[in-house]
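Me: I would like to go through this model with you, one topic at a time. Could we begin with a side chain and its polar partner?

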Amino acid sequence: MNTLETLDHHGLPAIRWQGPGGATAIATLQGAHLVSWIPADGEEKLFVSERSAFEPGKAIRGGIPLIFPQFADRGPLRQHGFARTASWTFAGASVAEEGHRATFRLESSAATRATWPKDFALELAATIGGNRLEVELRVLNRGEASFPFTAALHTYLRITDPARARLRGLRGIRFVERGATQVETEHRDAITPESPIDRVYFEAPPRTVLEDEGRVVTITQRGFTDTVVWNPGAEKSAAMADMAPDGWRRMFCIEAAAVEPPVVLRPGETWRGSQSLACDP
Ligand code: BG6
C-alpha cells in the first residue's frame, strides 16, 4: 500500500491512508483513535467536535475512541479506562480482502501496570474500502491469570438533523439507562437523538441501521455483545468544555460494547470484537 502518510493532526502524530475507491481515514497514535473516515462517496461520516482537545493525555471528543479496560465508571479506573489516551504504536499497513488496513498496537508497560496490573497486548485494525470501514479490537492476555475487562468502540456518527435521524434494530432489546438499575425493554422501532439518551442495550442484535436525511449507515458488530446509544442533548452539551452548545445536533454515538457481563480472558487467549460501518451508495 503506497498511499499511507504520517501527519500532524492538530498537534498529535497521526496516520492517514487510502483505500480502494478513494476512501480515506486518519487515526491518531494517541488512542489508535479514528478521527476521520471519508468513504468513496466523499462525505465525512465521523463527528469530531471542533472544540475537542488534541492534547497528549486528553480524550478526543468524537471519532472512534477505543474504551478499554473499563467502560464508563463501571470500576475503579478513570472514566472509560486508559487506552483512549495511551500512546499506541503504528504496527503497519496491509492489503486485505475488504480493503486497506492500518494496525496499531498497545502493550502493557510500567505505566499501565501502575493503574491496572495486568499483562496484555491490544491491536486495533482499521480497514477501509469503498463504502465500508471495519474496526477490529484484539485483546491478548499475556499474563498468568485470567483478567476481566469491559470495552467499547465509542463511534460518533455524524448526523445532519436530530429530528430526522433514526436508529433502527433495537426494538425488544433490554436496556439500562445510565444511573438506573432497573432493566427495561425498548418498545420503539426507531430511536432518535432528539431527547438525551444514554443506554446500554444488552445482548444487542449484530446489526442496526442509522438513517439520516436519506443517508443510511448499516452498523454491524461481532464479538461485542452490547450496544451503547448516547447523545448528551442540549443541556449537557452546553456544559461540556469540549463540545459546542449545538454539538449534540450533529452526532449520534452508536457504540459496539462489551459491558455486562465483563469479558473474562484466560492466559494466552485472544478476544476479538469488531464494528463495521457500511454506507448505502
Ligand atoms: C458514553 C457513556 O459511552 O460515553 C456516557 O454511556 C458518557 O455516560 C459518554 O457520558 C462520554 O464519556 P466521556 O468520558 O467521553 O465524556
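Me: Which backbone atom does the side chain of Asn-141 reach with a polar atom?
Reply: In this predicted model, a polar atom of the Asn-141 side chain lies 2.8 Å from the backbone nitrogen of Gly-143.

Me: And where is Asn-141 placed?
Reply: Asn-141 is in strand 9, which covers residues 132-141.

Me: Is Asn-141 buried or exposed?
Reply: Asn-141 counts as buried, because its relative accessibility is 1% and the cut-off for buried is under 20%.

Me: What does Asn-141 touch, beyond residues up to four places away in sequence?
Reply: Asn-141 touches Asp-119, Ser-146, Phe-147, Leu-265, Arg-266, Pro-267, Gly-268 and Glu-269.

Me: Changing topic: which residues have the most contacts inside the largest nonpolar core?
Reply: They are Trp-88 and Phe-149, in a core of 59 residues. Strand 20, residues 251-265, supplies the largest share of this core, with 6 residues.

Me: What is Phe-149 in contact with, leaving aside neighbours within four places in sequence?
Reply: Phe-149 is in contact with Phe-68, Pro-69, Trp-116, Val-139, Pro-262, Val-263, Leu-265 and Trp-271.

Me: And what does the second core include?
Reply: That core is separate and has 10 residues, among them Ala-152, Phe-202, Val-228 and Ala-257.

Me: On to the ligand. Which residues surround it?
Reply: The ligand is surrounded by Arg-61, Phe-71, Gln-79, His-80, Arg-84, His-154, Arg-178, Asp-198, Val-228, Trp-230 and Glu-255.

Me: How much of the ligand does the protein cover?
Reply: The protein covers 85% of the 400 Å² of accessible area that the ligand has on its own.

Me: Last topic, strand 13. How does it run relative to strand 14?
Reply: Strand 13 (residues 174-177) and strand 14 (residues 183-185) run antiparallel, joined by 3 bridges. Within this pair, Phe-175 stands opposite Glu-184.

Me: What is in the turn between strand 13 and strand 14?
Reply: The two strands form a hairpin with 5 residues between them, and Gly-179 in the turn has a positive phi of about 90°.

Me: And how does strand 13 pair with strand 16?
Reply: Strand 13 pairs with strand 16, residues 197-201, in the antiparallel sense over 3 bridges. There, Val-176 stands opposite Val-200.

Definitions and conventions: Residues numbered from 1 in each chain as written. Predicted model: local features only at pLDDT ≥ 70, side-chain atom pairs only at ≥ 80, totals over all residues. Heavy atoms only, no water. Core = buried A, V, L, I, M, F, W, Y, C linked by side-chain atoms within 4.5 Å. Buried < 20%, exposed > 50% of the residue type's maximum accessible area, 1.4 Å probe, protein only. Helix = DSSP H or I, 4+ residues; strand = E, 2+ residues; numbered from the N terminus. Contact = heavy atoms within 4.5 Å. Near = heavy atom within 4 Å. Areas by Shrake-Rupley, 256 points an atom, 1.4 Å probe, with all protein chains shown as cover. Polar contact = N/O pair within 3.5 Å; in protein donor to acceptor, adjacent residues only side chain to side chain. Pairing = 2+ DSSP bridges.
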